[in-house]
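Let's take a quick tour of a protein model, one topic at a time. Keep the 3D view open while you read.

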Amino acid sequence: CSSSLQQKINQYMLLSMTGYGRETLPYKDKTITVEIRSLNSKFTDARLKIPQNYKEKETELRRIIAERVERGKIEMAIEVKSHQGDDDYGLNHALFKKYYRELNKLADELSMPKTDMLQAILRLPNVVATDAEEIEEEEWHTVLQALHSAIDRFEKHRLAEGKAMEEDMRARVQLIRDHQSHLDPHEEERVTRLRQRLSQKLEEYLGKEKIDENRFEQEILFYLEKIDITEEKVRLEQHCLYFIEELDKDYKQKGRKLSFITQEMGREINTLGAKAYSSEIQRFVVSMKDELEKIKEQVANSV
């Protein structure tokens, strides 16, 4: 990995979990191509597709991937094409025929179409074989060079996606804070409406002259305590600030911690909705939930 790229990764730590990189290098009469891609996964899951005569190097390849690539479902493929055609590569006729007979029989039994069977068989292990058994030191050096170059491209891709994701998450966290700031005036209206509604109900059932004003005020205070959302707003604001602070910190693999913070944000937003007793507040709560879900999607795709 180039030092400048590593420095960027260290400075800008949020990486997308999805990425793609490819490099092709010549070696004598061959062309060596290394392709690496990753998808979302909670753990590091590396799957390698390499030529048969590279199997002895699989442990080293996995070590390089584990050291340079963060968590994710990682797929790495090495393809070696010879310009000599059949001189180095050939078809395993016996194995091809065996696969064909078995697949043809299975297709008849299940009444399945037999289209693209040729391509499917060619992709099966050991159907296309190579006569080369040992890898020359120079060839392996070229493979490693192509691998590191592909990973560099892969990291640049994840870095660019991570930057866009971070900008989006920062904007959405700010939207949640903006929505929360609009709750205050509706809280005052909510208290007034609650008082009027309770007073009206009591007058309807008991008559105005039978209402104990002191008891009425006690009941009002009881209901106000039950629906008070001050603590939820304070905690939600703290979680939002904490989320931004974590984005600003210089360390790798922020995804899990950011995920925990979004869970706490969700609890406070849900409690706000449960205590709302106001259609206006509910509308802001729904908007906050919508923004939080989009943040969670982005966090799930980050390393």
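**Starting in the sheet**

Arg37 has Glu75 as its bridge partner in β4. Before we go further, keep in mind that this is a predicted model.

- Four strands make up an open sheet with mixed pairing, and their order is β1-β2-β4-β3.
- The edges belong to β1 and β3 (44–49), each of which pairs on one side only.
- Going from one strand to the next, the twist averages 10 degrees.

**How the strands pair up**

- Let's begin with β1 (residues 19–27) and β2 (residues 30–39), which are antiparallel and share 9 bridges.
- Across that pairing, Tyr20 sits opposite Arg37 in β2.
- β1 and β2 form a hairpin with 2 residues between the strands, and here Lys28 takes a positive phi near 50 degrees.
- Next, β2 teams up with β4 (residues 72–82), again in the antiparallel sense, over 10 bridges.
- What about β3 and β4? These two run parallel and are joined by 6 bridges.

- Helix α2 (residues 58–68) lies across β3 and β4, and runs at about 140 degrees to β3.
- Helix α5 (residues 137–181) lies across β1, β2 and β4, running at about 155 degrees to β1.

- Which residues make the nonpolar surface patch of about 240 Å²? They are Leu91, Leu118 and Leu122.
- You'll find Leu118 in helix α4 (residues 117–122).

**A buried glutamate**

- Now find Glu268, which belongs to helix α9 (residues 255–275).
- Is Glu268 buried or exposed? Its relative accessibility is 8%, so Glu268 counts as buried, because the cut-off for buried is under 20%.
- Which residues does Glu268 touch, leaving aside its neighbours within four places in sequence? Glu268 is in contact with Glu232, Arg235, Leu236 and His239.

How values were computed:
Residues numbered from 1 in each chain as written. Predicted model: local features only at pLDDT ≥ 70, side-chain atom pairs only at ≥ 80, totals over all residues. Heavy atoms only, no water. Buried < 20%, exposed > 50% of the residue type's maximum accessible area, 1.4 Å probe, protein only. Contact = heavy atoms within 4.5 Å. Pairing = 2+ DSSP bridges. Patch = residues over 30% accessible without salt bridge, like charges linked within 9 Å, V, L, I, M, F, W, Y side chains within 5 Å. Areas by Shrake-Rupley, 256 points an atom, 1.4 Å probe, with all protein chains shown as cover. Salt bridge = Lys/Arg side-chain N within 4 Å of Asp/Glu carboxyl O. Axes fitted to C-alpha atoms, helices over the stretch in contact; angles between N-to-C directions.
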